[in-house]
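Me: I've got a structure to go through before class. Can you walk me through it?

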Amino acid sequence: MSNSKKEIPTSKLKIIPLGGLERIGMNITAFEYEDSIIVVDCGLAFPQDDMLGIDLVIPDITYLKDNVEKLKGFVITHGHEDHIGSIAYILSQVNAPVYATRLTMGLIEHKLEEYDREHTAQGTKLMDGVRRKTVHFGQSINLGEFRVEFIRTNHSIVDAAALAIYSPVGCVVHTGDFKVDYTPVYGDSIDLQRFAEIGKKGVLALLCDSTNAERPGFTPSEKTLAPIFDNLFEENKNTRIFVATFASNVDRVRQIINTAYKFGRKVAVEGRSMVNIIDTAQRLECISIPENTLATIDELKAYPADKQVIITTGSQGESMAALSRMADGTHRKITIGAGDTVIFSSHPIPGNEKPVTRIINQLLQKGVNVVFQDVHVSGHACQEEIKLIYSLVQPRFSIPVHGEYKHLMAQAKIARELGFSKDRIKILSSGDVLELSQDSAEVTGKVTVGDILVDGSGVGDVGNVVLRDRQRRAADGIMVVCMCITSEGQLISGPDVVSRGFVYIKESEDLLAEATSVARSAVEECLDEGADWNAIKTAVRDAMGEFVWRNLKRKPMILPIIEEA
Ligand SMILES: [Zn+2]
Ligand SMILES: [Zn+2]
């Protein structure tokens, strides 16, 4: 293998995005060379308005399941949900080692632990069963025919990495989500020197973040927010201050704490997902917080209002998040009103304008002073930064990623300006199989991709999940499946399906009959195999759940009851 570089590769390199190219979210891309597959990122997407009752959207990984013997590992660029959110679900289906930097791994492990906790019945043990390795910047790992190097970048979360993926056909650079921040709040600036060195040696293709490709100029440094926060704290120094931002924006939280510290205020973080991320970042020393600055919500109450800061989730108007509960007066611990200031330190993601406006109105009605000006900078590269990366990396082929079609096209336009001919720019769709040789790039096929809708358990904010489960029980009702089985495993009566609070079934005799036959065949199949009662219950639950979901898009609680005759 040592002289393989000089040999002409016998096969082509395949790049197969399994998600992430029709939307911002659910990033996952397979790289394949002969018998080796590696996967970059395992993200999720948040549901659209029309996916009622659905909490999460994860990618269809049929392709990975079909090729599991080739799968060498998962390499993860950073710890945002659209890059790690589906990892527990995916690892429970295809087990392969996971590689990531420090904070990213910390957040991944939190997800695996959570998954294990919620799936004890199935005996899943991802924390024990999945190999994990924390990678340092500059370090390379060998995965079959691939070698992957992690390169430091800047983003709105610490420890974000770009990847140089070396294959027998050539080197592919994947930027991950990035911006160029010469003065980051924590840690070092993006390793531009390494991008240049790799570029000098020749790069086959560049997969570059397209999120802000429509925006001219540079994304300002996160540090530019410091004087803005200082001013706002000065202007509102007699009030209690709330700052709403993304749970995952570790750097922003750090900024706010800095300013709070300057003004002698104590800070509490509210919202389960934010508390988790900040705890993990603190434990791994990815955020430095001045001593005695953080407090719990309860501890905070011992201080006067003008010595309090509460950093909260819910800046996007999410109905379950802390800010929303404060605004509509249903938060357990915090009552918000006249004399309080709420600063929105985020822009609404397109589509979220309505819920954000609703919260602002609720806050204003309560007499809250709402600050909704530019207290936000993006974590993604604008046009000039994208040009910078292209100029350093000098790829043969341009593959815009991380965005809706219009974002990908905006990056294609930048590449054109930089002198790329049309045949050197590849706009892909999820599922496309792009085959690369040293001087060609062609889409040659399509693999199965799609959205798998998940109802929450195991991913994300546990508090929210529990709440949603309760709401769903109320809306979706209960199905009881009763049967009588002898100790010899003979079905002597049932299964009978009884539903409560489940209007849809009551209205449809045919469907109920069909449900009964689904339950019957599930039970009979188990009995043929000599399965025990627990296995029968699980089979009934699965079969009925699937049946009801397929026909009614509802998720009732399914309660199999077996009586021994
Ligand atoms: Zn990100
Ligand atoms: Zn992202």
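Me: What spacing do the donors of the zinc ion (ligand 2) follow along the chain?
Reply: The spacing is D-H-x93-D-x224-H. Donors here are N, O and S atoms within 2.8 Å of the metal (3.2 Å for Na, K and Ca), and water is not among the atoms, so sites may look incomplete. This is a predicted model: local features need pLDDT of at least 70, side-chain atom pairs need pLDDT 80 or more, and totals for chains, interfaces and linings use all residues. Residues are numbered from 1 along each chain as written, chains are lettered from A and ligands numbered from 1 in the order written, and side-chain values use heavy atoms, without hydrogens or water.

Me: What links the zinc ion (ligand 2) and the zinc ion (ligand 1)?
Reply: Asp 177 does. It bridges the two ions, which lie 3.4 Å apart.

Me: Where do Asp 82 and His 402 lie?
Reply: Asp 82 is in helix α2 (residues 81-84). His 402 is in the loop between β18 (395-401) and α14 (405-417), so this pair ties together parts 320 residues apart in sequence. Helices (H or I, at least four residues) and strands (E, at least two) are DSSP runs, numbered from the N terminus.

Me: OK, which residues coordinate the zinc ion (ligand 2)?
Reply: Asp 82 (OD), His 83 (NE2), Asp 177 (OD) and His 402 (NE2). They sit at 2.0 to 2.2 Å.

Me: Is Asp 82 buried or exposed?
Reply: Asp 82 counts as buried, because its relative accessibility is 14%. Buried means under 20% relative accessible area, exposed over 50%, partly exposed in between (1.4 Å probe, protein chains only). His 402 is buried as well, with 4%.

Me: New topic. How many disulfides does the structure hold?
Reply: It holds 0. A disulfide is a pair of cysteine sulfur atoms within 2.5 Å.

Me: So which cysteine sulfur is nearest to Cys 482?
Reply: That of Cys 484, 10 Å away. Cys 482 is in no disulfide. It counts as partly exposed, at 29% relative accessibility.

Me: How many salt bridges does the count come to?
Reply: The count comes to 19. The rule is a side-chain nitrogen of Lys or Arg within 4 Å of a carboxyl oxygen of Asp or Glu.

Me: Which residue does Glu 214 form a salt bridge with?
Reply: Lys 406, with the closest N and O atoms 3.7 Å apart. Glu 214 is in the loop between β12 (203-209) and α7 (225-235), while Lys 406 is in helix α14, 192 residues apart. Glu 214 is partly exposed at 40%. Lys 406 is partly exposed at 45%.

Me: What does Arg 240 meet in a salt bridge?
Reply: Asp 340, at 2.9 Å from N to O. This pair joins strand β13 (residues 240-244), which holds Arg 240, to strand β16 (residues 340-344), which holds Asp 340, 100 residues apart. Arg 240 is buried at 14%. Asp 340 is buried at 6%.

Me: What about Glu 417? Which side chain does it meet?
Reply: Lys 387, in a salt bridge of 3.9 Å, N to O. Lys 387 lies in helix α13 (residues 383-393) and Glu 417 in helix α14, so the pair ties together parts 30 residues apart in sequence. Glu 417 is exposed, with 53%.

Me: Which residues do salt bridges that share partners join into one network?
Reply: Glu 149, Arg 194 and Glu 197.

Me: Last one. Where is Arg 416 found?
Reply: In helix α14. Arg 416 counts as partly exposed, at 42% relative accessibility. Arg 416 and Ser 398 are 18 residues apart in sequence and 9.7 Å apart in space, C-alpha to C-alpha.
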